[in-house]
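Thanks for coming, everyone. I'd like to walk you through some side-chain contacts today, so let me bring the picture up.

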Amino acid sequence: MSVPDSQLVSTGTRLLRETVYEQLRADVISCRLAPGTEIREGELAARFEVSKSPVRDALMRLESEGLVITVPRQGYRVAPVSLTDVLDMFHLRAALERACVERIVRHATDEQLQRLDEFRRYDAAAWPGGFVAFNRAFHRRLAELGGNARMRDQLNDLIDQMERAVQVSVANVRAGDPQVLVNEHAEVIDALQARALKKAQRLAEQHITAAGRRVSDSISRSLIAG
């Protein structure tokens with residue numbers, strides 16, 4: 001059965017809009033488009049070789065996610081990284097990861113838990129995105145092992161959005177010793193593999209809370225310096 005031309009066009013248009021959205025979102029989250037950067041629809045349309053319509057749709061979606069803001073009579077800007085918002089995100093993420101850890105302990109297979117061992121050691125050569133990518137992959141794995149699709153999606157969205165805060169403070173993150181954080185991962189893995197629920201929850205929450213303090217302190221220092 002052949003597919004009508006109109007459906008092909010419709011599918012192609014949706015794919016194009018998704019591509020523009022996903023690329024812009026990646027640029028904002030990675031800080032390739034830094035907080036406060038002015039966004040011009042015309043320039044983006046030329047970059048992606050599209051009309052302004054898919055660019056406008058992408059910007060509206062990013063605005064709904066809090067990644068882009070509208071400036072009256074000026075257009076769009078990349079949303080600033082708010083210290084209050086960062087603290088709220090870390091607080092929510094700690095609560096979600098506690099719930100996720102409970103599901104992992106109760107439902108993950110021994111084989112799935114054993115595969116977490118790959119996060120006991122950090123090899124910079126194996127991670128082109130550096131420790132930030134390694135850390136993100138570890139927490140995405142936990143979100144996946146929780147086995148709750150809604151919780152996984154919320155955690156992954158938080159992890160994505162919080163990467164902006166990490167990137168803003170990336171100089172300080174790089175200055176630290178990543179082995180300290182790898183050791184924290186290993187402690188969480190030990191508790192999960194032992195199915196020690198309370199200990200795993202406590203360690204996971206401490207890990208997220210400590211990360212929140214590091215990032216918020218770094219952002220506070222950058223605000224004072226600015």
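Let me start inside the protein, with D160 and R25: both of these residues are buried. One thing to keep in mind as we go is that this is a predicted model.

So what do these two do with each other? The side chains of D160 and R25 meet in a salt bridge, at 3.2 Å from N to O. If you trace the chain, you'll see that D160 sits in helix α7, residues 149-168, while R25 belongs to helix α1, residues 5-29. The two are 135 residues apart, and the pair links distant parts of the chain.

Which other residues join them? A network of salt bridges links R25 and D160 with E65, R140 and D157. For the whole structure, the count of salt bridges comes to 22.

Let me show you two others from that set. Please find helix α4, residues 83-107, which holds both R106 and E102. They are 4 residues apart, about one turn of the helix, and their side chains form a salt bridge at 3.2 Å, N to O. Is R106 buried or exposed? Its relative accessibility is 54%, and the cut-off for exposed is over 50%, so R106 counts as exposed.

Now for the aromatics. How many aromatic pairs does the structure hold? There are 7. Take F119 and F134 as one of them: the ring centres lie 5.7 Å apart and the planes are at 55°, so this pair is tilted. F119 is in the loop between α5 (110-114) and α6 (130-145), whereas F134 is in helix α6 itself, so the pair ties together parts that are 15 residues apart in sequence. Both phenylalanines, F119 and F134, are buried.

Through ring pairs, F119 and F134 belong to a cluster with Y122, W127, F131 and F138.

Have a look at Y21: R61 lies over the face of its ring, at 3.6 Å from the ring centre.

That's my tour, thank you, and I'm happy to take questions.

Key:
Residues are numbered from 1 along each chain as its sequence is written. This is a predicted model: local features need pLDDT of at least 70, side-chain atom pairs count only at pLDDT 80 or more; totals for chains, interfaces and linings use all residues. Side-chain values use heavy atoms; hydrogens and water are left out. A salt bridge is a side-chain nitrogen of Lys or Arg within 4 Å of a carboxyl oxygen of Asp or Glu. Buried means under 20% relative accessible area, exposed over 50%, partly exposed in between (1.4 Å probe, protein chains only). Rings of Phe, Tyr and Trp (its six-membered ring) pair if their centres lie within 6.5 Å; planes under 30 degrees apart count as stacked, over 60 as edge-to-face and the rest as tilted. A charge sits over a ring if NZ of Lys or CZ of Arg is within 6 Å of the ring centre and within 35 degrees of the ring normal.
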